[in-house]
Each structure stands twice: as C-alpha cells, then as structure tokens.
Amino acid sequence: MSRFQMNRRNFLTKASLGASGLTLAGCDILDGLNESNTTARTIVESANSLTYRVQRLLGGGHTLATEYAQSDIKQSQHPNGVTSPPDEDYKALASAGFSDYKLKVIGLVEKPLELSRDNLMAMPSKTQITRHDCVEGWSCIAKWTGVPLAKILDEAKPKLDARFAVFYCFDTIDQGLSGSIKYYESIDMIDAYHPQTILAYGLNDKPLPVENGAPLRVRVERQLGYKMAKYVHTIELVSDFASIGEGKGGYWEDNGYDWYGGI
C-alpha cells in the first residue's frame with residue numbers, strides 16, 4: 001500500500017471517530033447530544049459532514065478498500081454487538097437452518113423482490129479478504145463471500161429518487177417506550193453500488209455463523225463496523241430516512257454516532 005493510501009486511511013479513520021470518540025469519553029459538551037439544536041449536535045453533525053465530503057473528494061465512489069492474502073487471516077472474525085438474537089422469529093429461522101429465510105427488497109424500486117437463501121446463493125458471488133475496523137478500536141482480517149449488492153439492486157431496478165439503502169435487521173438491540181427497537185443501518189447509493197459492498201453469507205470458507213450475522217450481513221468495506229448490519233431481512237430504498245427511527249439513518253446514529261463511518 002502506498003504511503004499516500006496509508007495516510008489517507010488514517011486521516012479518514014480519525015475524522016470519522018472524532019465525534020463518536022468524544023461521546024465514548026463522556027465529555028460534558030456532549031451532554032445534549034440526543035437533543036436537536038444544541039452545540040453538541042452541531043459539532044457531531046459538522047464532523048460527520050466533513051468526513052463524508054473529504055472521503056468523496058479523495059476517494060470518489062470507486063476506490064477500493066485494501067484486500068489481503070489468505071495468509072493474513074490470523075484469527076476468527078471477532079463477533080460484536082448482538083451475537084445471538086433473542087427474537088422468536090429469528091430463532092425459528094435459525095432452528096430450521098434458515099431454509100425459510102427470505103430477503104425482501106422494497107421501497108423506491110420498480111420491481112420489489114423476495115429472495116430465498118437458495119436464490120441468493122445462485123446469484124453471481126464475490127469473495128474478498130478485507131479488514132474489519134471497529135469503532136471500539138480493534139481490527140480483524142477475514143474472508144467474506146456473498147452477493148454484490150449491485151446485482152440485487154439491478155434486479156430490483158431503483159427509481160430515480162432512490163438515494164439511500166436502509167437495512168432492517170432481526171435483532172432487538174434496545175427497548176423503548178413503544179417496545180422493542182430493532183437494529184437498522186443505511187448507506188447511500190454510491191456505496192450501495194460499490195464493487196466491494198456485498199451481502200455476505202459466507203465467512204472464512206464456511207457458512208456465516210450466527211454470532212457474525214447469519215444468514216446475511218452487509219459488508220461495506222470502506223466504512224466502520226457498525227455500518228455493516230447483521231441479521232438483515234429487508235432492504236428498503238428511500239429518498240431520505242427522516243421518518244425511520246430517530247431520522248439519523250441508523251441505530252447508533254440515533255444515539256450520537258456519525259452517519260458516515262468512512263475510513
């Protein structure tokens with residue numbers, strides 16, 4: 001990797017972590033992070049916007065994340081977040097080996113889809129060995145196999161006003177006043193069509209384990225780990241996400257993280 005690429009990756013990682021790092025440190029200035037029109041919110045959103053603009057300026061829409069050799073895989077992929085969803089619908093699918101699993105593609109598409117696991121595995125696949133960088137500070141190299149998201153989107157035929165892909169997941173990650181809060185995430189259409197963005201069903205030459213997101217998880221290799229939603233059951237193409245969750249584009253974003261976790 002060139003010196004420029006190394007410096008660029010380090011710069012973008014630090015930029016994307018800037019606001020969320022302040023949150024983890026418990027700084028007083030971020031006491032109002034979950035409130036609108038506060039100094040804290042303004043700082044976080046400004047940092048997020050800067051990271052996104054810089055990544056697009058330096059990397060555009062087509063630069064690739066580094067891919068590694070088989071010999072670079074030193075350990076199993078570290079699981080994080082929810083590792084065994086307690087949700088009854090998920091447990092029923094898992095107990096049947098996900099034979100009844102269906103991925104739905106809805107929203108701003110000309111052709112809504114419902115794809116079984118067999119359908120997905122029959123589509124052209126891609127295998128890539130990449131590094132997973134977590135906002136908690138650890139990294140792990142692993143081999144991922146799955147369907148390029150672009151292939152699925154081409155089948156669904158996005159409408160012209162589709163700007164974001166939202167991933168809805170089986171796992172309950174929190175409880176709110178209105179009930180269970182399920183994990184969700186989103187990316188823009190540039191990253192959705194990126195050649196390394198895949199819906200992975202395989203990990204290190206084996207079926208994707210439950211703790212790593214079976215039966216299907218997102219790999220968005222130019223972003224931090226929290227963007228790579230696990231246990232995905234539905235993809236919705238939208239023009240904005242103002243009416244989804246708290247309107248910030250993802251579970252962790254609703255709780256103060258950057259929407260664009262670029263590296």
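## Basis of the model

Helices (H or I, at least four residues) and strands (E, at least two) are taken here as DSSP runs, numbered from the N terminus. The structure is a predicted model, in which local features need pLDDT of at least 70 and side-chain atom pairs count only at pLDDT 80 or more, while totals for chains, interfaces and linings use all residues. Residues are numbered from 1 along each chain as its sequence is written, and side-chain values use heavy atoms, with hydrogens and water left out.

## Overall architecture

The protein contains seven helices and 10 strands. Of its 263 residues, 49% count as buried, where buried means under 20% relative accessible area, exposed means over 50%, and partly exposed lies in between (1.4 Å probe, protein chains only). The accessible surface comes to about 12400 Å², and 53% of that surface belongs to carbon and sulfur atoms; these areas come from the Shrake-Rupley method with a 1.4 Å probe, and for residues only the protein chains shown count as cover.

With a contact defined as heavy atoms within 4.5 Å, 71% of the contacts between residues at least 6 apart in sequence join residues at least 24 apart.

## Cysteines

A search of the whole structure finds zero disulfides, a disulfide being a pair of cysteine sulfur atoms within 2.5 Å. Cys134 is buried, with a relative accessible area of 8%, and Cys169 is buried as well, with a relative accessible area of 2%.

Helix H5 spans residues 149-156, and its buried residues are Leu149, Ala150, Ile152, Leu153 and Ala156. Seen down the axis of H5, these buried residues fall within an arc of 160 degrees, so they line one face of the helix; the arc is that of the directions from the helix axis to the C-beta atoms. After H5 comes Lys157, whose phi is positive, near 60 degrees.

Asp191 belongs to helix H6 (residues 189-192) and is buried, with a relative accessible area of 1%. Its side chain is joined to that of Arg222 by a polar contact of 2.9 Å. A polar contact is a pair of N or O atoms within 3.5 Å; within protein, one must be able to donate a hydrogen and the other to accept it, and residues adjacent in sequence count only if both atoms are side-chain atoms.

## Salt bridges

Side chains of opposite charge can pair when their charged atoms come close. Taking a salt bridge as a side-chain nitrogen of Lys or Arg within 4 Å of a carboxyl oxygen of Asp or Glu, the count comes to nine salt bridges. One of them joins Glu67 and Lys126, with the closest N and O atoms 3.5 Å apart. Glu67 lies in the loop between helix H2 (39-59) and helix H3 (88-95), and Lys126 in strand S3 (residues 126-133), so the pair ties together parts that are 59 residues apart in sequence. Glu67 is partly exposed at 39% relative accessibility, and Lys126 is partly exposed at 22%.

Glu221 and Arg219 are both buried, and their side chains meet in a salt bridge of 3.0 Å, N to O. Lys227 and Glu253 also meet through their side chains in a salt bridge (3.0 Å, N to O). Lys227 lies in the loop between strand S9 (217-219) and strand S10 (232-238), whereas Glu253 lies in helix H7 (residues 251-254), so this pair ties together parts that are 26 residues apart in sequence. Both Lys227 and Glu253 are buried, and salt bridges that share partners join Glu185, Lys227 and Glu253 into one network.
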